[in-house]
Amino acid sequence: MKVRWDIIKYFFYQNRYLIVIVLSVINIGFVGESNLRKRFEYGLRTSELQEQIDKYKARNEHDSKYLRDLKRDPKTIERIARERYFMKTDDEDIFVLSDDESEMEQSAAISGQVSNPF
């Protein structure tokens, strides 16, 4: 038994640096808080967040340009008022055309009316 124990001690003594390196790599790579799997997940999350940042920067630039146009040009304000809020001048008439036939058919079916296609 003593001979066996001496062989094990001799093996650990001869390979102590290799054993420490292997245990350190295992700890850093797989067991510790910043292991390889978490680093990979953090990398993916970082790229997703960077894409969101780029998207919001582009949106911010577009909205800033839009706001600058609103502040500088009165024709832009008039155009937006006409398009979004259906405002008009005194000598104009506005016709709102819609192709929402499915909504009309659904409301007719709910109310019990049958729409005649002819």
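Biologist: Where does Thr89 lie, and is Thr89 buried, exposed or partly exposed?
Modeller: This is a predicted model. Thr89 is placed in the loop between H4 and helix H5 (101-111). The relative accessible area of Thr89 is 32%. Buried requires a value under 20% and exposed a value over 50%, so Thr89 is partly exposed.

Biologist: How far apart in space are Thr89 and Glu78, C-alpha to C-alpha?
Modeller: Along the sequence, Thr89 and Glu78 are 11 residues apart. In space, their C-alpha to C-alpha separation is 10.0 Å.

Biologist: Which residues is Phe86 in contact with, leaving aside its neighbours within four places in sequence?
Modeller: Phe86 is also in the loop between H4 and H5. With a relative accessible area of 48%, Phe86 is partly exposed. Its C-alpha atom is 8.5 Å from that of Val96, a residue 10 residues away along the chain. Once neighbours within four places are left aside, the contacts of Phe86 are Ala81, Ile94 and Val96.

Biologist: Is Thr76 buried or exposed?
Modeller: Thr76 has its place in helix H4 (residues 74-85). Its relative accessible area is 9%. The limit for buried is under 20%, therefore Thr76 is buried.

Biologist: Which side chain does a polar contact join to that of Thr76, and which residues does Thr76 contact beyond four places in sequence?
Modeller: The polar contact of the Thr76 side chain has a length of 3.1 Å, and its partner is the side chain of Asp73. With neighbours within four places left aside, Thr76 is in contact with Asp69 and Leu70.

Biologist: How are H3 and H4 oriented, roughly parallel or roughly perpendicular?
Modeller: Two packed helices are described by the angle between their axes and the distance between the axes. For helix H3 (residues 36-72) and H4, the axes are 5 Å apart and the angle is about 110°. Angles of 65 to 115 degrees count as roughly perpendicular, so H3 is to H4 roughly perpendicular.

Biologist: How many nonpolar, polar and charged residues does the contact of H3 with H4 have?
Modeller: On the H3 side, the residues are Tyr66, Asp69, Leu70 and Arg72. They meet Pro74, Thr76, Ile77, Ile80 and Arg84 in H4. By class, this contact has three charged, one polar and five nonpolar residues.

Biologist: Is Asn35 buried or exposed, and which residues does Asn35 touch beyond four places in sequence?
Modeller: Asn35 is located in the loop between H2 and H3. Its relative accessibility is 7%, and because buried means under 20%, Asn35 counts as buried. Not counting residues up to four places away, Asn35 touches Ile28, Gly29 and Phe30.

Biologist: Is Phe30 buried or exposed?
Modeller: Phe30 belongs to helix H2 (residues 16-31). Not counting residues up to four places away in sequence, Phe30 touches Val25 and Asn35. Its relative accessible area is 59%, and exposed means over 50%, so Phe30 is exposed.

Biologist: How many helices does the protein chain have, and what share of its residues is buried?
Modeller: From the N terminus on, the elements run α-α-α-α-α, which gives zero strands and five helices. The protein chain exposes about 11800 Å², of which carbon and sulfur atoms supply 59%. Of the 118 residues in the protein chain, the buried share is 5%.

Terms used: Residues are numbered from 1 along each chain as its sequence is written. This is a predicted model: local features need pLDDT of at least 70, side-chain atom pairs count only at pLDDT 80 or more; totals for chains, interfaces and linings use all residues. Side-chain values use heavy atoms; hydrogens and water are left out. Helices (H or I, at least four residues) and strands (E, at least two) are DSSP runs, numbered from the N terminus. Buried means under 20% relative accessible area, exposed over 50%, partly exposed in between (1.4 Å probe, protein chains only). Accessible areas come from the Shrake-Rupley method with a 1.4 Å probe; for residues, only the protein chains shown count as cover. A polar contact is a pair of N or O atoms within 3.5 Å; within protein, one must be able to donate a hydrogen and the other to accept it, and residues adjacent in sequence count only if both atoms are side-chain atoms. Contact means heavy atoms within 4.5 Å. Axes are lines fitted to C-alpha atoms, for helices over the stretch in contact, and angles run from 0 to 180 degrees between N-to-C directions. Angles under 35 degrees count as roughly parallel, over 145 as roughly antiparallel, 65 to 115 as roughly perpendicular and the rest as oblique. Ala, Val, Leu, Ile, Met, Phe, Trp, Tyr, Cys and Pro count as nonpolar, Asp, Glu, Lys and Arg as charged, and the others, Gly among them, as polar.
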